[in-house]
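Let's take a walk through this structure together, starting with charged side chains and ending with paired strands. Keep the view open as you read.

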Amino acid sequence: MYEDRFMRRAIEISARALDTPGTEPFGAVVVREGRIVGEGINRSRLDYDPTSHGETEAIRDACRKLETVDLRGCDLYTSCEPCALCVAAMEIAGISQLYYAAGLAEANAAISDLPDSARHSIDSRHLRTQCGRPVEERSMPSQQSLSADATAVLVAWARKVGAGAKTPTVSGAPEG
C-alpha cells in the first residue's frame, strides 16, 4: 500500500545530487513490511558505472542488508519513472509494487537542455525496444561463440549446487 513518507524519502535522496558531484537526481527506496530496507541514488558518473541508477542501488542495498537476492514482498519507491534497466532489475529481484514520482516525459523535459558533458543520457525508448527483442533482432551486433564450453561450466555448476540440495518427499519433509 502506497505511503507518502517513502516517496518523500526517495525524493529527498534524489535531492542529494544538488550537493554531491557525480550523482544525478534519481533516488529510490526499497520497502518491506513498512520499513525502508534499501536506499539508492544514481552514482553512474561518480562510480563510472552506467548501471548505478537509484533503483539498482536501492535494490543492491536491500539485498545486502537482507542477505538475499529475493525481494518478493518488497515495494520500490522512486523519484522518477524507471528506465528498462531498472525495470529489469526490479523484475529479477522480485519487487512486488512500483511507485514513482516524475514520469519519463516530465523528467526528459526537465533535463533535456543539459549538455552530454553534464550527464550520461539514456534513450529510454530505444532501450525498451531493444531489451524486448531476440538477440538476433537487436541493433547491437552480436556473435555467439564457444557455446559448448560455456554450457559445460553451467552444467557442472548446476550438478555441484544441485548435489547439495535436499529433495523433498511427497509429504514435504526433506529426505536424507
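A salt bridge here is a side-chain nitrogen of Lys or Arg within 4 Å of a carboxyl oxygen of Asp or Glu. Please bear in mind that this is a predicted model, where local features need pLDDT of at least 70, side-chain atom pairs count only at pLDDT 80 or more, and totals for chains, interfaces and linings use all residues. Residues are numbered from 1 along each chain as its sequence is written, and side-chain values use heavy atoms, leaving out hydrogens and water.

Side chains of opposite charge can pair when their charged atoms come close. How many salt bridges does the structure hold? There are nine. One of them joins Glu81 and Arg128, with 3.5 Å from N to O. Glu81 sits in the loop between β3 (74-80) and α4 (84-93), while Arg128 belongs to helix α6 (residues 124-131), so this pair ties together parts that are 47 residues apart in sequence. Helices (H or I, at least four residues) and strands (E, at least two) are DSSP runs, numbered from the N terminus. Glu81 is partly exposed at 22% relative accessibility, and Arg128 is partly exposed too, at 39%. On this scale, buried means under 20% relative accessible area, exposed means over 50%, and partly exposed lies in between (1.4 Å probe, protein chains only).

Now turn to another pair, Arg9 and Glu39, whose side chains meet in a salt bridge at 2.8 Å, N to O. This pair links distant parts of the chain: Arg9 is in helix α1 (residues 4-14) and Glu39 in strand β2 (residues 35-42), 30 residues apart. Glu39 counts as partly exposed, with 25% relative accessibility.

Two strands pair if DSSP finds at least two bridges between them. Seven bridges join β1 to β2, and the two run antiparallel; within this pairing, Gly27 has Ile41 of β2 as its bridge partner. The two strands make a hairpin with two residues between them, and Glu33 in the turn has a positive phi of about 50°.

Which strand does β1 also pair with in the antiparallel sense, over five bridges? The partner is β3, where Thr78 stands opposite Ala28. Is strand β1 mostly covered or uncovered? Strand β1 (residues 24-32) is mostly covered, with seven of its nine residues buried.
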